[in-house]
Structure formats: structure tokens, C-alpha cells
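Student: Could we go through this structure together? I would like to begin with one of its helices.

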Amino acid sequence: MNDAIRALPKVLLHEHLDGSLREATLFDLLHARGLPCPAPDPEALGRWFDARTHAGSLVDYLRGFDLTVAAMATPAAQQRVAFEAAEDARAEGCVLAEFRIAPLLFEAHGLSGEASVEALLAGLRRSRLACGLIVCAMRHLPPAQTMRAARLALAYKDHGVVGFDLAGAERGHPPAEHVAALNLVRDAGLALTLHAGEADDAERVIEAIRLGASRIGHGIRLADVIGDPQRGHLIDQARMSGAHFEVCPTSNVHTGATASIAAHPITALWRAGLSVGINTDNRLMSRITLGGECAALLVHTPLALHDLTRMQRQAALHSFLGPEAKAAALAALDRHAAAPSSST
Ligand SMILES: [Zn+2]
């Protein structure tokens with residue numbers, strides 16, 4: 001990572017805790033729980049993920065989570081994973097971060113949703129990084145499960161849970177299936193971000209915005225309508241809504257949503273005037289860092305460092321954390337811009 005990227009204060013809004021474990025931690029946790037590990041050491045475990053990473057489909061990509069979810073299903077493991085994720089983000093210059101997970105996934109392994117959320121929040125609080133937790137529901141499960149996840153999120157609304165999301169395989173599972181839970185969350189004043197327009201079409205982005213999402217996970221299919229006489233107005237709708245796009249470049253390559261970083265539509269979305277940020281999605285599954293994502297964009301796209309700096313500011317403005325954390329992140333970006341060595 002070059003020095004300019006290392007020095008850039010970063011804002012991370014989209015990272016799945018169960019997709020971002022350190023390899024050594026996952027290795028430890030599998031052994032501690034007596035679970036089968038597909039590799040003899042942490043390095044080999046990394047290579048195991050590497051092989052799955054390039055499966056080229058969202059469904060295959062999501063299979064690696066079976067391993068991490070089983071490994072993480074104790075309060076101690078949850079706390080450790082959350083703490084380490086926050087510290088890893090802080091170590092590479094994050095000044096604000098939001099992490100997400102679907103706590104109800106751990107019920108099948110004997111850990112309640114409440115115990116999961118409490119342990120994750122305890123782990124995040126141990127870090128000095130300003131951070132919060134987004135509760136996800138899995139969109140392929142019945143709406144009643146989404147409602148349970150929504151109620152769980154609301155129970156911790158003023159205790160570290162800052163938002164609600166629908167995650168998992170997108171195509172065939174539109175957010176409208178879960179409208180009751182989304183209404184409950186929105187009406188209670190908890191912020192909504194929804195995965196949309198990743199594996200499904202641009203129209204899903206607009207649907208998510210109509211359902212109350214102020215941020216969109218990925219949303220890159222919206223770039224397909226730029227210049228389209230029939231669908232081009234969708235870009236205008238998205239821009240006028242003020243929604244922020246949590247773009248995860250390498251993850252999109254790994255799930256087959258785009259062919260390469262060079263072909264990634266982030267530049268088109270940015271130039272269309274949308275609010276865009278840069279995120280990791282899954283550090284472990286994609287074998288990446290946030291700084292590495294920034295570096296890849298500088299190398300392979302027309303985006304310049306000043307674009308990336310403005311994207312951090314956009315992300316800070318759209319964070320679900322409180323005004324103090326947002327102001328501190330923006331102040332860090334201001335200090336960075338004013339520093340003599342800054343080339344932004
Ligand atoms: Zn995601």
C-alpha cells in the first residue's frame with residue numbers, strides 16, 4: 001500500500017464480521033470447538049478460501065460462511081472476532097467503522113441472538129475505534145425470521161446496534177418480501193441499509209430506496225442503466241433520493257457481479273453523481289484489506305486520490321453512528337486535507 005493511501009483516514013461502512021476473521025483466529029476457533037478444519041495451518045486455510053473466492057458466483061462465495069459461522073458460535077469467539085475486526089480496521093487508518101452480521105445464524109449452533117449481539121457489542125466496545133453494529137436478516141429465509149431479526153436489532157437500538165440490513169443470495173429474494181420487518185425497523189427510527197443491485201437488477205436498488213433504505217449495499221447494477229433511454233431515469237431517482245452506495249470492488253469480482261476491478265462500474269456511478277464509498281465486504285473471503293481496495297482502484301480505474309478522499313467523506317456523512325463519531329471522522333478528514341504532506 002502506498003504512503004498516501006496508508007495516511008488517508010478511512011470510513012468503513014460495509015464489512016461482514018463472519019466474512020472478515022483473521023485466518024489464525026478462524027484456525028484457533030475451529031480447533032477450540034473441535035470442528036473439522038479444511039487445512040493443516042492458518043496459511044493453508046487462507047489458500048482454501050482463495051480457491052473458493054474465485055468461484056465466480058455469489059452462491060458459491062457464500063458457502064465459506066458455513067465454516068466461519070460454526071467456528072464463531074460462542075460468546076467468547078464473537079467478542080474476539082468483533083474486537084479484532086475493529087482493531088484491524090483501526091490499524092489501517094479507519095476513523096469510523098460499521099460491522100454487520102446475522103446474529104440468528106448462530107441459533108442453529110446453540111447461541112441465542114441476544115447472546116450473540118451482546119458479545120459482539122462487547123467486542124466492538126473494547127476497541128478504541130468508533131464503531132457500531134448492523135444486524136442483518138437473511139433474505140432467503142421466511143419473513144417471520146426477518147421480523148425476529150428486526151425485533152432483536154430494535155432491542156439493542158440504543159446500545160450499539162445502528163442499523164438493519166438484508167443479506168444473502170439476492171436474486172429471487174427481493175426486499176419487498178420482508179416489507180413488514182423493514183417497516184417496523186424504519187418506523188422505530190433504526191437506519192436501513194439493504195443489499196440491492198448486486199446479483200439482481202438496477203430496479204432492486206430503487207425498490208430498496210422506496211422501502212426506506214438510506215444506504216445500498218453494492219448497488220452496482222444501477223450502472224447498467226446509465227445512458228439507457230428506457231431506464232436511465234433510475235440513476236436520477238437514486239441520486240435525488242440521497243442514498244449512499246456501499247461499494248465493495250473485489251467482492252463484486254469474486255461473486256461474478258463484475259469481470260475485474262478495471263471493469264468495475266464504481267467510476268461510472270461516481271461520475272453519475274451518486275454518493276459512493278469503498279468497502280471490503282469480506283476481508284477473509286476475498287483476502288483483502290480496505291487499503292488494498294483503495295490501491296487497486298487507483299491502479300486499475302480512472303479514479304484519483306482526491307476521488308477516494310471525497311468518497312471517505314461521503315461515507316462519514318452517511319454513517320449510522322451518532323453525530324459525535326461522524327464529526328470526529330470528518331474532522332480527521334479535514335486535518336488530513338490540511339496537512340502539508342497531503343496531496344488530496
Ligand atoms: Zn455485503
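Predicted model: local features only at pLDDT ≥ 70, side-chain atom pairs only at ≥ 80, totals over all residues.

Student: Which residues of H8 are buried?

Tutor: They are Thr146, Ala149, Ala150, Leu152 and Ala153. Viewed down the axis of H8, these buried residues fall within an arc of 160 degrees, so they line one face of the helix.

Student: And how far does H8 reach from its first C-alpha to its last?

Tutor: H8 spans residues 143-155, 13 residues in total, and reaches 18 Å, close to the 18 Å expected at 1.5 Å a residue.

Student: On to the core. Which residues have the most contacts inside the largest nonpolar core?

Tutor: Leu96, Ala153 and Leu222 have the most contacts in that core, which has 108 residues. Ala153 is also one of the buried residues of H8.

Student: What does leucine 96 touch, not counting residues up to four places away in sequence?

Tutor: Leucine 96 touches Val11, Ala130, Ala316, Ser319, Leu321, Ala325 and Ala329.

Student: Changing topic: where does leucine 21 lie?

Tutor: Leucine 21 is in the loop between strand E1 (10-12) and helix H2 (23-32).

Student: Is leucine 21 buried or exposed?

Tutor: Leucine 21 has 28 other C-beta atoms within 10 Å. The cut-off for a buried residue is 20 or more, so leucine 21 is buried.

Student: What is leucine 21 in contact with, leaving aside neighbours within four places in sequence?

Tutor: Its contacts are Leu26, Thr68, Val81 and Leu284.

Terms used. Residues numbered from 1 in each chain as written. Core = buried A, V, L, I, M, F, W, Y, C linked by C-beta atoms within 7 Å. Buried ≥ 20, exposed ≤ 12 C-beta atoms within 10 Å, placed from the backbone. Contact = placed C-beta atoms within 7 Å. Helix = DSSP H or I, 4+ residues; strand = E, 2+ residues; numbered from the N terminus. Expected span 1.5 Å × (residues − 1). Arc of directions from axis to C-beta.
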